[in-house]
Structure formats: structure tokens, C-alpha cells
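Please read the following points alongside the coordinates.

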Amino acid sequence: MSGALIDGYDAALFDLDGVVYLGPHAVPAAPETIAELRRRGVKVGFVTNNAARSARVVAQHLTDIGIPTDTSDVVTSAQAIADLAAERLPDGAKVLVVGTEALREEVQARGFVPVGSAQDDPVAVIQGYDPHIEWSLLEEAGFALQAGATWYAANPDITRPTDRGIVPGIGAQLQVVSTSCEAEPVIAGKPYRPLLEATVSRLRCKTPIFVGDRLDTDIRGANAMGMDSLFVFTGAHGVADLLAATPEERPHNIAADLSGLLEPEREVEVSHEHARCGDVEVSLTTGGDVIATDVPTDVSGQLDTVMAMMGLIYQSSATVPDKPAEPFDKLH
């Protein structure tokens with residue numbers, strides 16, 4: 001029997017929202033899986049695009065839900081964007097902070113002077129997700145950018161997964177600001193490289209794998225780094241998204257949740273109009289459609305089916321099925 005997927009890597013980097021937890025609750029497999037990874041000597045890093053909370057608060061939340069975590073194990077997009085701005089702006093520069101107190105603290109720690117209005121003549125706007133953002137502050141950001149300030153944004157996530165469902169993310173707040181100016185933000189979070197580069201540097205790892213639930217940020221970001229990835233079905237994206245993924249957003253492997261790191265790697269064999277993963281085979285019709293007959297009802301069989309369909313679609317000009325999610329009820 002083949003070994004675990006994680007055996008090929010020296011570190012596991014985890015997105016948080018939708019992968020390790022959903023709001024106040026841990027993904028059921030997360031505590032025991034992460035404990036087992038640490039027992040095996042695998043380095044573990046938590047990488048969050050969410051700039052609303054400090055690394056200290058995130059670490060405490062993880063600890064509270066059964067995943068003991070030090071602040072140094074967490075890298076946030078607030079830290080990454082503040083570092084990026086510090087590389088380009090002079091010490092003591094006035095900066096309009098559009099985000100939570102956690103972002104303000106990171107900005108202050110880099111020697112900047114946070115201000116609250118465009119009338120204070122900030123040289124830059126640094127924006128991060130804030131679930132309680134005031135509309136007037138978004139307007140101030142627009143005024144500052146119209147006056148020539150440089151725009152920095154923690155990440156581009158248009159939505160966030162929660163225990164109650166999907167909610168608007170910082171991407172929606174960035175779009176509000178962009179309606180009043182022609183500026184484009186410099187971004188640190190996934191899928192851009194700075195956040196993942198900072199995490200790899202901190203862990204001093206050489207062969208990490210990234211675990212994420214979003215194709216447009218997590219998987220695309222890992223691919224931009226040349227890093228293998230594991231896509232999990234506990235968050236934002238699902239089967240339909242996987243089958244329609246662009247080459248830049250295609251994961252190395254898939255699993256129901258992050259415990260897939262401890263399971264054997266799923267391998268696909270593609271031959272002409274057929275693809276096989278495990279005991280499942282899918283075919284390409286003469287019309288270019290991918291068909292899978294008798295989709296298994298168990299989680300493992302459904303994952304094999306999706307993986308086989310991905311292999312055939314990714315390596316051919318196959319058409320994505322109209323309603324690909326319907327037979328995969330165990331993956332939602």
C-alpha cells in the first residue's frame with residue numbers, strides 16, 4: 001500500500017477559513033490531522049489572507065478549537081502587506097489605514113504614522129478586510145487615491161466562507177473604492193507571492209505543500225510559487241469549479257478535507273478518451289463530453305471520479321458537464 005501524500009513534503013501550509021475552521025468551529029478532521037503531522041515531524045504553517053485579526057488572535061483561536069498554536073506559526077496578509085509597504089515607503093510616512101485595529105498595529109510596527117482622513121495627506125492607503133468597515137472610510141480611501149496616494153491591499157478575496165455560508169470579502173470592499181479612482185492596488189496575499197514567500201522563509205522549508213479551498217487564491221497562489229497543492233471541499237469552491245479551472249488554478253491533488261494529507265496520493269491515468277483513478281473510469285464521448293457512469297456513493301469513490309474527470313478535461317478539449325455537482329453529494 002502506498003504511503004501518505006504528506007510523505008513527499010517537509011511542511012504543510014494551511015489556509016484557515018474554509019480549511020482549518022469555519023468561523024468559530026474547527027473543521028472536524030483538523031485537530032487530529034495537524035497533531036499527527038506534528039508528531040511525524042512535518043512543519044506546519046497557517047497562512048491567512050484575512051487581515052482582520054492579528055497573528056496572536058488567530059493563534060489563540062486555533063488553540064481554543066483544539067489546535068495548539070504559537071503566534072510564530074501564523075502568517076497574515078496584514079503582516080505581509082505592511083512588510084511590502086515598508087520596503088517601498090520611507091520610515092515615518094503617513095498612511096491611511098482602511099481596516100481593523102490588527103492592520104493598524106502592523107502598520108505602526110513598521111514605523112508608519114496611521115491617519116484617518118485623506119485630508120491628512122497620506123502617501124499611501126493600506127487596506128485590509130474589515131467586517132464592520134465604515135462607508136465614510138472607503139470614501140476617504142478614494143479621496144486619498146485620487147490625490148496620488150499609493151494603494152496597498154492585503155488580499156483580493158471577493159468572498160469569505162463562514163459557518164453560516166459565504167459572505168463578501170475584502171475584494172468587494174476594494175471594488176467599492178475602485179469605483180472612485182483609476183488606481184490598482186499592490187497586493188500581498190494569495191494568489192500573489194509575498195505572503196507565501198514570507199511563510200516559506202519563516203518555516204525554512206524546502207518542499208512544502210499548500211492546502212486550500214479556493215482555486216483563485218489558494219491554488220493559483222501555490223502554482224505561482226511552483227508549490228504543490230491539495231484542494232479540499234470544506235470551503236468556498238466545489239466540483240464545478242474544479243472541472244472548469246484554468247491551468248493556473250488546477251491543484252496537484254484533491255481530498256474531502258485536510259486529512260487527505262495522511263491518505264495515499266490520488267493518481268490519474270489518462271489514455272486517449274479515457275481516464276482512470278482508483279477503480280473509477282470516465283470517458284470522452286465523440287461530442288466532447290466527459291461522462292462518468294455509476295458514480296460511487298462513498299466519499300473516496302466520488303473523489304476518484306472527480307480526479308479522473310479533472311485528468312481527462314485538463315488534458316483534452318473536453319466539455320465541462322452542465323451539472324457536474326449533482327452526483328457528488330458527499331463532497332459538499
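1. Helices (H or I, at least four residues) and strands (E, at least two) are DSSP runs, numbered from the N terminus, and two strands pair if DSSP finds at least two bridges between them. On these terms, a hairpin joins E10 to E11 through 2 residues. Strand E10 (residues 159–162) and strand E11 (residues 165–168) run antiparallel and are joined by 4 bridges, with Pro168 in E11 as the bridge partner of Thr159.

2. On provenance, this is a predicted model, in which local features need pLDDT of at least 70 and side-chain atom pairs count only at pLDDT 80 or more, while totals for chains, interfaces and linings use all residues. Residues are numbered from 1 along each chain as its sequence is written, and side-chain values use heavy atoms, with hydrogens and water left out.

3. An open sheet of 6 strands, paired in parallel, has the order E5-E4-E1-E13-E14-E15. Strand E5 (74–76) and strand E15 (253–255) stand at its edges, and because each has a single partner strand, one side of each is left without a neighbour in the sheet. Neighbouring strands of this sheet are turned by 25° against each other on average, direction ignored, where axes are lines fitted to C-alpha atoms, for helices over the stretch in contact, and angles run from 0 to 180 degrees between N-to-C directions.

4. Which residues does Thr217 contact, leaving aside its neighbours within four places in sequence? Thr217, which lies in helix H8 (residues 215–224), is in contact with Asn49, Pro156, Asp157, Lys190 and Pro191. Thr217 is buried, with a relative accessible area of 3% (buried means under 20% relative accessible area, exposed over 50%, partly exposed in between, with a 1.4 Å probe and protein chains only).

5. A search of the whole structure finds 2 aromatic pairs. One of them, Phe231 with Phe233, is edge-to-face, at 5.1 Å centre to centre and 85° between the planes (rings of Phe, Tyr and Trp, the last by its six-membered ring, pair if their centres lie within 6.5 Å; planes under 30 degrees apart count as stacked, over 60 as edge-to-face and the rest as tilted). Phe231 is buried at 0% relative accessibility, and Phe233 is buried with a relative accessible area of 7%.

Conventions. Contact = heavy atoms within 4.5 Å.
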